[in-house]
Amino acid sequence: MVKTNLMAELTWTEYQERLERENPIVMLPVGALEQHGPHLPMGTDHMIPMAISRRVAERIPAIVAPPFNYGYKSQPKMGGGQHFCGTTSLDGHSLSRILRDVLMEFARHGARRVAVIDGHYENSMFLTEGIDLAMRELRYDGVRNMKIVRLEYWDFATEKTLAKVFPDGFPGHALEHAAVMETSISLYLHPELVRVNKIPKDPPANFPAYDVYPTNTSWVPPSGVLSPAGAATRDKGKFLFEEYVATISVALAKEFGTRGGKTAGKRAGRKGKGKK
Ligand code: ZN
Ligand code: MN
């Protein structure tokens with residue numbers, strides 16, 4: 001049997017068997033296609049939650065669904081805004097409806113535990129809406145044992161880690177767009193995709209307390225990076241990423257009452273062998 005936790009690599013019969021036997025957590029990474037400065041790939045917001053999900057699935061019984069590669073519209077104060085070439089976004093209701101559709105399909109096949117792993121700040125309430133639409137409809141259909149967890153991965157860094165990664169003070173997750181956190185994690189996960197010599201030297205963006213429509217693009221640094229990324233290192237990325245994997249595994253294992261969250265598992269492989 002091929003050993004994989006990726007839904008796209010499983011056959012339908014293997015998927016069905018694992019749903020029936022393990023009641024695994026189906027993990028759905030959600031991101032965006034969005035500018036991340038001149039130095040990071042535009043897929044950063046789905047690449048990171050996908051990488052986290054793959055590693056979490058080695059620790060707890062989980063199957064990782066293909067990620068959502070598009071997300072809700074980039075906002076100037078957290079993603080630079082829609083005026084950058086390449087930032088390709090969905091309307092809010094489209095994202096909610098697509099998530100609702102996919103969750104209904106997971107449920108139809110027998111999945112009862114789902115974790116939505118968000119990597120793009122702007123998505124969160126539209127994901128919440130998609131989950132709510134699906135849960136409401138499932139209740140009408142008589143499905144009452146579906147449980148869904150939604151999380152933003154960056155909330156899983158401890159204060160201690162943030163103090164270590166940001167010795168000069170943490171600018172906040174919104175302003176961290178394409179900055180120290182995402183650049184460090186990218187240096188750890190796929191250094192070949194980080195254009196280190198292109199990291200801009202712009203000062204941190206300084207936004208007023210209100211929003212204005214249409215976007216006042218002069219508020220946003222032309223590079224699209226909202227706070228300096230120069231202090232990014234692979235070690236910081238490793239530190240952050242490994243902490244996310246460990247703490248998200250523990251949280252999901254606790255919430256879904258499954259095993260694991262501590263030791264890296266050969267469980268899926270061992271379970272897959274032998275009995276049919
Ligand atoms: Zn991002
Ligand atoms: Mn984003």
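Strand β1 (residues 25–30) and strand β3 (residues 113–118) run parallel and are joined by 6 bridges. Within this pair, Val30 stands opposite Asp118 in β3. Two strands count as paired if DSSP finds at least two bridges between them. Strands (E, at least two residues) and helices (H or I, at least four) are DSSP runs, numbered from the N terminus.

This is a predicted model, in which local features need pLDDT of at least 70, side-chain atom pairs count only at pLDDT 80 or more, and totals for chains, interfaces and linings use all residues. Residues are numbered from 1 along each chain as its sequence is written, chains are lettered from A and ligands numbered from 1 in the order in which they are written, and side-chain values use heavy atoms, without hydrogens and water.

**The sheet**

β1 also pairs with β2, in the parallel sense, over 3 bridges. Here Val26 stands opposite Ile63 in β2. The whole sheet is open, has 4 strands in the order β2-β1-β3-β4, and pairs in parallel. Its edge strands, β2 (62–64) and β4 (147–152), each pair on one side only. From one strand to the next, the twist averages 20 degrees.

Helix α4 (residues 92–108) packs on the sheet and touches β1, β3 and β4; its direction makes about 165 degrees with that of β1. Contact means heavy atoms within 4.5 Å. Axes are lines fitted to C-alpha atoms, for helices over the stretch in contact, and angles run from 0 to 180 degrees between N-to-C directions. Helix α8 (residues 234–256) lies across β1, β3 and β4, at about 160 degrees to β4.

How enclosed is β1? Of its 6 residues, 6 are buried, so β1 is largely enclosed by the rest of the structure. Buried means under 20% relative accessible area, exposed over 50%, and partly exposed in between (1.4 Å probe, protein chains only). Both faces of β1 are covered. Ile25, Met27 and Pro29 are buried on one side, and Val26, Leu28 and Val30 on the other.

**Two metal ions**

The zinc ion (ligand 1) and the manganese ion (ligand 2) are 3.5 Å apart. Asp45 coordinates both. Donors are N, O and S atoms within 2.8 Å of the metal (3.2 Å for Na, K and Ca); water is not among the atoms, so sites may look incomplete.

| Ion | Protein donors | Distances |
|---|---|---|
| Zinc ion (ligand 1) | His36 (NE2), Asp45 (OD), Glu182 (OE) | 1.9 to 2.1 Å |
| Manganese ion (ligand 2) | Glu34 (OE), Asp45 (OD), His120 (ND1) | 1.9 to 2.3 Å |

In sequence, the zinc donors are spaced H-x8-D-x136-E. The manganese donors are spaced E-x10-D-x74-H. Glu34 lies in the loop between β1 and α2, and His120 in the loop between β3 and α5 (124–140), so the pair ties together parts that are 86 residues apart in sequence.

Asp45 is buried at 4%. Glu34 is buried too, with a relative accessible area of 1%. His120 counts as buried at 1%.

Met50 sits in helix α2 (residues 44–56). Met50 is buried, with a relative accessible area of 16%. Leaving aside residues up to four places away in sequence, Met50 touches Leu6, Pro29, Val64, Ala65 and Pro67.

Helix α7 (residues 180–189) packs against α8 at an angle of about 90 degrees, with the axes 7 Å apart. That makes α7 roughly perpendicular to α8; the class covers 65 to 115 degrees, while under 35 is roughly parallel, over 145 roughly antiparallel and the rest oblique. The contact includes Val180, Met181 and Ser184 of α7 and Arg234, Lys236 and Gly237 of α8.

**Backbone details**

Most residues other than glycine have a negative phi, and most peptide bonds are trans. Asn23, in the loop between α1 (12–22) and β1, has a positive phi of about 45 degrees. Asn23 is partly exposed, at 28% relative accessible area. Ala178 has a positive phi of about 60 degrees. Ala178 lies in the loop between α6 (159–165) and α7, and is buried at 0% relative accessibility. The peptide bond from Tyr213 to Pro214 is cis, with omega near 0 degrees. Pro214 is in the loop between α7 and α8.
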